[in-house]
Protein chains: 2
Amino acid sequence: MEYTQLTAAELESTKAALDKEFEELKAKNLKLNMARGVLSNDQLDLTMEMLGNLRDKSDCISEAGTDCRNYGLVDGIPEAKRIFAELLCTTPDNIIVGGNSSLNLMYDTIARNMIFGVEEEGSTPWAQQGKIKFLCPSPGYDRHFAICERMGIEMITVDMLDDGPDMDTVEKLVSEDPSIKGIWCVPKYSNPTGVVYSKETIVRMSALKPAAKDFRVFWDDAYIIHSLYDKAAYQIEILDEVKKYGNDNMVYIFTSTSKISFPGSGIAVIASSKHNIDKIKSHMSVQTIGHDKLNQMRHIKYFGSLEGIIKHMERHAAIIAPKFQLVDEVLTRELEGLGIAKWTKPTGGYFISLDVYPGTAKKVYEMMCELGVNLTPAGATFPYRKDPRDQNLRIAPTFPPLDELRQASEALCLCTKRAAVEKLLNA
Amino acid sequence: MEYTQLTAAELESTKAALDKEFEELKAKNLKLNMARGVLSNDQLDLTMEMLGNLRDKSDCISEAGTDCRNYGLVDGIPEAKRIFAELLCTTPDNIIVGGNSSLNLMYDTIARNMIFGVEEEGSTPWAQQGKIKFLCPSPGYDRHFAICERMGIEMITVDMLDDGPDMDTVEKLVSEDPSIKGIWCVPKYSNPTGVVYSKETIVRMSALKPAAKDFRVFWDDAYIIHSLYDKAAYQIEILDEVKKYGNDNMVYIFTSTSKISFPGSGIAVIASSKHNIDKIKSHMSVQTIGHDKLNQMRHIKYFGSLEGIIKHMERHAAIIAPKFQLVDEVLTRELEGLGIAKWTKPTGGYFISLDVYPGTAKKVYEMMCELGVNLTPAGATFPYRKDPRDQNLRIAPTFPPLDELRQASEALCLCTKRAAVEKLLNA
């Protein structure tokens, strides 16, 4: 029976039972963590062979003839550019293979635009345009928001719907306000909702008519190939789509192998129009002596081809899909029908997004801390860490072993129920 | 006999002989390169074992307990911080171990200061202060100057003397002009002169009284341990020295293993006061998910200790010292006593700096191109690529095999003489 239908007396007795359960669980002194969207030990072990695969000089020579142990090739070795071009359905000309962190490529792209303006000739640096703004579909990725906050870029929250950002709002704001310079997107298995942007969303994003000539779409394809089940979701390619609307230079795509090989020791990529890539490369060649080409060789030798990456991702999925299923089972068993929570059932990516009873997310987070279960703080998935409805929590199922994940999920359900009952009693 | 003492007739006959020699050499269609300050094949081979030394999970666990295959430790693994602290005679608190490129750390430091200002509370971003300037001791490192040029920072050339930058000029300019925000320094085996800053220079640099509160010394210790012979030059530690003058936060030190392990796949370091390092770390944790810790582990496992690095550098020196000696032999044999050239005899670093007859460096470079010998372009060692005396050329002896280096050096002497004679004839 839905909690909202309960009488005050029924709520009281429910509360009493939940309180008792809470105290019993607290006495167990749990020490669990479902906060980190990171790879588990089993996943890290999958790629160990990659670390030893450069044995002699011949392993270090790129097909370009470049000795990867030395300086050169600031935009990456050709074989790496080709494999990422295939992954992103574009051409190597549109690609720079960077260092180990796509977040770093995003930050640097914004920093460049702050100092120099976007890639168009005569563009005014963002930092010299007074107040500028980014649209932030939310719940979204906290580290995107952290970059904006640090740069002093005002963030405007836009709702995430089941097929992507609320495009009515995006279109209206972007076409009216020239101080809006960007939008953050995680188009596939979005962080944290797992939403896959629909074709209509991608077409509408491509067809935007921004009031700002220097408006840019930050397309963070972090989970482009991170399907949990048989078939990865298909998406149309935005770099092609934007050309139909004369928005050729409007999009930067980012991706990395952080959740394919090793977080922190993977390789990251930026893709955009050839025009943009050439300009970015010109800046990059002033910024750095080049990225780690030996690490690029390691990856190419290990995976061999896009096919090899896809096969490898099936091994990751075999480890983490059961974790997503377990969380869903526990949430369904404990929360379904109570009318106090809904959650996503992602088919890829790294997170489950849980909406608890409005106004209780912070409370649930606090209760979880009290139980010794580490959860991503409530609000983290919104600009300025402020969830307007105080209802969203991000669950990261990949890191803990199954038994710990079960305990943590059960604790989460208990806290969700207990906070909802308290809220209803005080309403 | 000195060329300047020759009669017109003697110059003419000398020219005729040199022209003949030039045409004969040109007919050989040389294809040589003494432009690249990079490691030779033999040097790259020295470190190959490092690439295979992470074999299983246990090799990937830092002494901090962190699994280096996963996210975390944005400022580096403790064992790497400790070894670089020892190298830089400071403490791990003053260190961030970064990615693969110290140039990238320098660029990012300037970019941060452009956007946010220096690390002091309430500091005004450099980009919001109108015209700002850097002092550029020259001849110096072209990539330092390229960063300033790209950022729109005006460069002021200061002479490099035998014991470092002309400190009289530096002191005067820095104390008078608040728009001067920085100075580039390569304190040990300077690029390209090989100069080792004297104790007096370092003390005077530490004791500067800058008109700008946000003035910073960019101390690029690229060759800190890159001695060619038995004993590395000793220098006092500037991070300690500045404290004596209340300039605690005035210096950023940079170094890397680019010319210890592999250029492009080494590890880079920034050191500064704890205050600065904490602020930089805070920005860095927004910018990146962290640097490549597995590559840090590779280096630590391979070198073991500072002692291990020193031993390794002896192996590098054994390969490259003979190349420096060879160039010096050829220059001495061909040019000594002619009064048209002088050159440095560095005891470390990667370059020999050759001053040809004033007003002929560009001409020498052109003649070398004509002969098929690739040399760093004349002017490259000065801001805006403009050598006011048109006399400096940078020789990079490390990459070519000895026989090619001999041919290239002989060609260089021929061109140096030929350009001088032409100049004297037209004077």
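**Close-up views of a predicted two-chain model**

**View 1. Two domains in one chain.** In chain A, the centres of domain 1 and domain 2, taken over C-alpha atoms, are separated by 31 Å. Keep in mind that everything you see here is a predicted model. Domain 1 of chain A is made of two stretches, 3-43 and 310-425, while domain 2 of chain A covers 61-304. Where the two meet, domain 1 of chain A puts in 26 residues and domain 2 of chain A puts in 28 residues. On the domain 1 side of that contact, helix 11, strand 11 and strand 13 of chain A each give two or more residues. Helix 11 of chain A gives the most, with 7 residues. What kinds of residues make up the domain 1 side of this contact? They split into 17 nonpolar, 8 polar and 1 charged.

**View 2. A helix tucked away.** Is helix 10 of chain A largely enclosed or left open? In this helix, 9 of the 11 residues are buried, so the rest of the structure largely encloses it. Among the buried ones are Leu294(A), Met297(A), Ile300(A) and Phe303(A). The buried residues of helix 10 pack against helix 3 (78-87), strand 2 (95-97) and helix 11 (306-335) of chain A. Just past the end of helix 10 of chain A comes Gly304(A), with a positive phi of about 75°.

**View 3. A strand, a helix and another strand in chain B.** Follow the chain from strand 3 through helix 5 (residues 142-151) to strand 4 of chain B, and you trace a right-handed β-α-β unit. Strand 3 (residues 133-138) and strand 4 (residues 154-161) of chain B run parallel and are joined by 6 bridges. Lys133(B), for one, stands opposite Glu154(B) in strand 4 of chain B. Met160(B) has Pro165(B) in strand 5 of chain B as its bridge partner.

**View 4. Where the two chains meet.** Chain A and chain B each bring 43 residues to the contact. On the chain A side, at least two residues each come from helix 2 (41-45), helix 4 (102-116), helix 5 (142-151), helix 9 (274-287) and helix 10 (293-303) of chain A. Helix 4 of chain A supplies the largest share, 6 residues. The chain A side divides into 20 nonpolar, 14 polar and 9 charged residues. The copies meet through the same surface, because 100% of the interface residues of chain A are interface residues in chain B too.

**View 5. Turning one copy onto the other.** Rotate by 180°, with 0.0 Å of shift along the axis, and chain A superposes on chain B with an RMSD of 0.0 Å. That's the relation of a two-fold axis. Which C-alpha of chain A is nearest the axis? It belongs to Gly52(A), 2.3 Å from the axis.

Technical notes: Residues are numbered from 1 along each chain as its sequence is written. Chains are lettered from A and ligands numbered from 1 in the order in which they are written. This is a predicted model: local features need pLDDT of at least 70, side-chain atom pairs count only at pLDDT 80 or more; totals for chains, interfaces and linings use all residues. Two strands pair if DSSP finds at least two bridges between them. Helices (H or I, at least four residues) and strands (E, at least two) are DSSP runs, numbered from the N terminus. A crossover is right-handed if, with the strands pointing away from the viewer, the path from the first strand over the helix to the second runs clockwise. Two residues are in contact if their C-beta atoms, placed from the backbone, lie within 7 Å. Ala, Val, Leu, Ile, Met, Phe, Trp, Tyr, Cys and Pro count as nonpolar, Asp, Glu, Lys and Arg as charged, and the others, Gly among them, as polar. A residue is buried if 20 or more other C-beta atoms lie within 10 Å of its own, exposed if 12 or fewer, and partly exposed in between; C-beta atoms are placed from the backbone. Copies are superposed by least squares on the C-alpha atoms of residues with pLDDT of at least 70 in both. Domain bounds come from an automatic or database domain assignment.
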